[in-house]
Structures are given as structure tokens and as C-alpha cells.
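Please keep the sequence and the structure in view while reading.

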Amino acid sequence: MSVWKDICSTDDLQPDSGVCALVDGQQVAIFLLAREQAVYAIHNYDPIGKANVLSRGLIGDIKGEPVVASPLYKQHFSLRTGICLEDESIVVPTYPIRIQNGRVEIQVTPTGVSQGRPYEEANA
């Protein structure tokens with residue numbers, strides 16, 4: 001059974017930027033898109049650059065799809081699905097995330113961070 005785990009305050013997030021959080025031993029990149037009032041969580045590991053750097057990437061959108069550009073080789077990863085736009089065979093895990101009462105929560109299971117539904121809109 002999965003539960004929501006408190007990660008940080010919304011004050012710890014930077015609008016239109018990423019932060020990294022350690023959740024059950026996994027590095028998770030968390031992004032707050034201010035205009036959309038949405039939060040996204042993907043794994044911080046860039047499988048192309050082979051480094052934990054995605055939280056430092058640039059945020060944007062390509063044809064309406066919210067993305068982060070890796071700071072290493074500039075590939076774009078969808079914040080909703082984790083799919084690399086330049087090579088759809090490469091996917092980083094995404095995690096259910098939400099804002100509840102001014103706190104950022106991520107869904108976890110007894111075995112670690114949940115994967116599944118890519119994101120939830122913030123309801124701060």
C-alpha cells in the first residue's frame with residue numbers, strides 16, 4: 001500500500017526551477033512550474049550524461065509539453081512522462097507528487113518511491 005511522504009515546505013521550492021531531495025535513498029528532482037501551479041517529480045539521474053544532475057536543468061516547454069533540459073548534453077525529458085524527446089527509448093522514472101497544506105508530498109510504498117501516475121497539479 002502506498003502512502004504520501006512529507007518532503008519539504010513549498011517555501012523550499014524555487015519557482016520555475018528544480019531542487020533535489022533524497023527520498024528513501026533515491027535522488028528525486030522536484031520542479032515547481034509557477035504559471036501552471038504544478039509540481040513534478042522525476043528521478044535526478046540523467047541516463048545519457050550518467051550523473052545525478054536533472055534537478056539543475058533548465059525548465060521549459062516544447063509544443064506544450066513541460067520539459068527539463070539536462071545541463072550536460074541538453075536532451076529534453078518530459079516532466080509528465082520522463083520520456084526523452086530526442087530518443088523516446090530513454091525514459092527516467094516519474095513519481096506521484098502533490099502539495100498539501102503548504103507541504104510537498106511524494107507517494108511512497110513499503111519498498112521505496114512509487115512510480116506510476118506521473119504528476120498531480122499543485123493545490124496549494
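**Basis of the description**

The model is predicted, so local features need pLDDT of at least 70 and side-chain atom pairs count only at pLDDT 80 or more, while totals for chains, interfaces and linings use all residues. Residues are numbered from 1 along each chain as its sequence is written, and side-chain values use heavy atoms, with hydrogens and water left out.

**The chain as a whole**

The chain contains 13 strands and 0 helices. Both kinds of element are DSSP runs numbered from the N terminus, a helix being H or I with at least four residues and a strand being E with at least two. Of the 124 residues, 42% count as buried; buried means under 20% relative accessible area, exposed means over 50%, and partly exposed lies in between, with a 1.4 Å probe and protein chains only.

Among contacts with a separation of 6 or more, 41% link residues 24 or more positions apart. A contact here means heavy atoms within 4.5 Å.

**Nonpolar cores**

A nonpolar core is a set of buried Ala, Val, Leu, Ile, Met, Phe, Trp, Tyr and Cys residues joined through side-chain atoms within 4.5 Å. The largest such core has 15 residues, and Leu13, Val28 and Ile106 have the most contacts inside it. Two or more residues each come from β2 (17-23), β3 (26-33), β4 (38-43), β10 (97-100) and β11 (103-109). Apart from this core lies another, of 13 residues, which includes Phe31, Ala38, Tyr40 and Ile90.

Leu13 touches Cys8, Val19, Ile30, Leu32, Val39 and Val104, when residues up to four places away in sequence are not counted. Cys8 itself counts as buried because its relative accessibility is 12%. Cys84, at 1% relative accessibility, is likewise classed as buried. The structure holds 0 disulfides, a disulfide being a pair of cysteine sulfur atoms within 2.5 Å.

**Strand pairing**

Two strands pair if DSSP finds at least two bridges between them. Strand β11 pairs antiparallel with strand β1 (residues 3-9) over 6 bridges, and in this pairing Trp4 has Gln107 of β11 as its bridge partner. β11 also runs antiparallel to β10, to which 4 bridges join it; there, Ile99 stands opposite Val104 in β11. The hairpin of β10 and β11 has 2 residues between the strands, and Asn101 takes a positive phi near 55° in it. Because 5 of the 7 residues of β11 are buried, this strand is largely enclosed by the rest of the structure.

Strand β8 (residues 65-69) is joined to the antiparallel β9 by 3 bridges, and Ala69 stands opposite His76 in β9.

| Residue | Relative accessible area | Class |
|---|---|---|
| Ser70 | 1% | buried |
| Ala34 | 26% | partly exposed |
| Asn44 | 1% | buried |

The contacts given below leave out residues up to four places away in sequence. Ser70 lies in the loop between β8 and β9 and touches Asp46, Val53, Leu54, Gln75 and Phe77. Asn44 is located in the loop between β4 and β5 (45-46). The residues in contact with Asn44 are Cys20, Gln27, Val28, Ala29, Ala51, Asn52, Val53, Leu54 and Ser55.

Ala34 belongs to the loop between β3 and β4, where it touches Pro15 and Asp16. Ala34 and Pro15 are 19 residues apart in sequence, while their C-alpha atoms are 5.3 Å apart in space.
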